[in-house]
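Subject: Structure handover

Hello,

Here is the structure for your files. Please open it alongside this message; my notes on what was found follow below.

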Amino acid sequence: MGKVHVLDHPLIQHKLTFIRDVNTGTKEFRELVDEVAALMAFEITRNLQLQEVTVETPVGPAQSYTLAGKKLGLVPILRAGLGMVDGILDLIPAAKVGHVGLYRDPETLQPVEYYVKLPSDVEEREFIVIDPMLATGGSAAEAINSIKKRGATNIKLMCLIAAPEGVEVVQEAHPDVEIYLGALDQKLNEKGYIVPGLGDAGDRLFGTK
């Protein structure tokens, strides 16, 4: 099974507290989500490969390093995943951004793909699939399916908060995908919301109800 990493960095945990708070307004919520996304990206990219290069400083040549290997692709799941992209791009501006849109079939209650747009060089990229909430896991598992069908082989999943039920669904469907979380919460309630969670991430990001 793909590993689950709960990122317990003090700044991530501190900012998550205010993201959860019902009294945090849309503007502050959006800013905090960007900040936590950047901090999480810093942890997720810890093992990116480097290559040695020589650069000329004002004093003389220096042996230094640049990123090597696969390029990064960010794939937010529409719409709430959009709220985390800018924070990551602040850290990794060269990353390409794709999008996956899903809706829930009212009969089967299963997620159905309605929009997928990825960078053209899918096979050459390491993808980070982004969604603030990993609740039932259905949407994340289907989004990863959509990307794999188009040739991606190196995929990570990044979520602010997850329920154990969602983690299990993704692990069973995609045992090769590592999952990175800000917090692993208690459970899902009967409406499919993460408890204690943070409510509806999309509504809180975009000011809708």
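Arg125 is buried, at a relative accessible area of 4% (buried means under 20% relative accessible area, exposed over 50%, and partly exposed in between, with a 1.4 Å probe and protein chains only). This is a predicted model, in which local features need pLDDT of at least 70 and side-chain atom pairs count only at pLDDT 80 or more, while totals for chains, interfaces and linings use all residues. Residues are numbered from 1 along each chain as its sequence is written, and side-chain values use heavy atoms, with hydrogens and water left out.

Arg125 belongs to strand E8; helices (H or I, at least four residues) and strands (E, at least two) are DSSP runs numbered from the N terminus. Its side chain reaches the backbone oxygen of Leu72 at 2.7 Å. That is a polar contact, meaning a pair of N or O atoms within 3.5 Å; within protein, one must be able to donate a hydrogen and the other to accept it, and residues adjacent in sequence count only if both atoms are side-chain atoms. Not counting residues up to four places away in sequence, Arg125 touches Lys70, Lys71, Leu72, Gly73, Lys96, Pro119 and Asn154 (contact means heavy atoms within 4.5 Å).

Next, the strands. E8 (residues 125-130) runs parallel to E10, and 5 bridges join them; two strands pair if DSSP finds at least two bridges between them. Within this pairing, Phe127 has Ile155 of E10 as its bridge partner. Strand E9 (residues 133-134) is also parallel to E10, with 2 bridges, and Met133 stands opposite Ile161 of E10. From E9 the chain crosses through helix H4 (residues 138-149) to E10 in a right-handed β-α-β crossover. Right-handed here means that, with the strands pointing away from the viewer, the path from the first strand over the helix to the second runs clockwise.

E10 is joined by 6 bridges to strand E11 (residues 178-184), again in parallel, and Leu157 is opposite Ile179 of E11. The crossover from E10 through helix H5 (residues 164-173) to E11 is right-handed too. Of the 9 residues of E10 (residues 154-162), 8 are buried, so the strand is largely enclosed by the rest of the structure.

On the nonpolar cores: such a core is a set of buried Ala, Val, Leu, Ile, Met, Phe, Trp, Tyr and Cys residues joined through side-chain atoms within 4.5 Å. The largest has 35 residues, and Ile19, Ile88, Ile130, Met158, Leu160, Ile161 and Leu198 touch the most other members. Elements that each supply at least two residues include H1, helix H2 (26-44), E8 and E10. H2 gives the largest share, 8 residues. A second, separate core has 24 residues, among them Val116, Leu118, Ala162 and Val167.

There is 1 aromatic pair. Tyr103 and Tyr114 form it, tilted, at 6.4 Å centre to centre and 40° between the planes. Rings of Phe, Tyr and Trp (its six-membered ring) pair if their centres lie within 6.5 Å; planes under 30 degrees apart count as stacked, over 60 as edge-to-face and the rest as tilted. Tyr103 is in strand E6 (residues 99-104) and Tyr114 in strand E7 (residues 111-117), so the pair ties together parts that are 11 residues apart in sequence. Tyr103 is partly exposed, at 41% relative accessibility.

Regards
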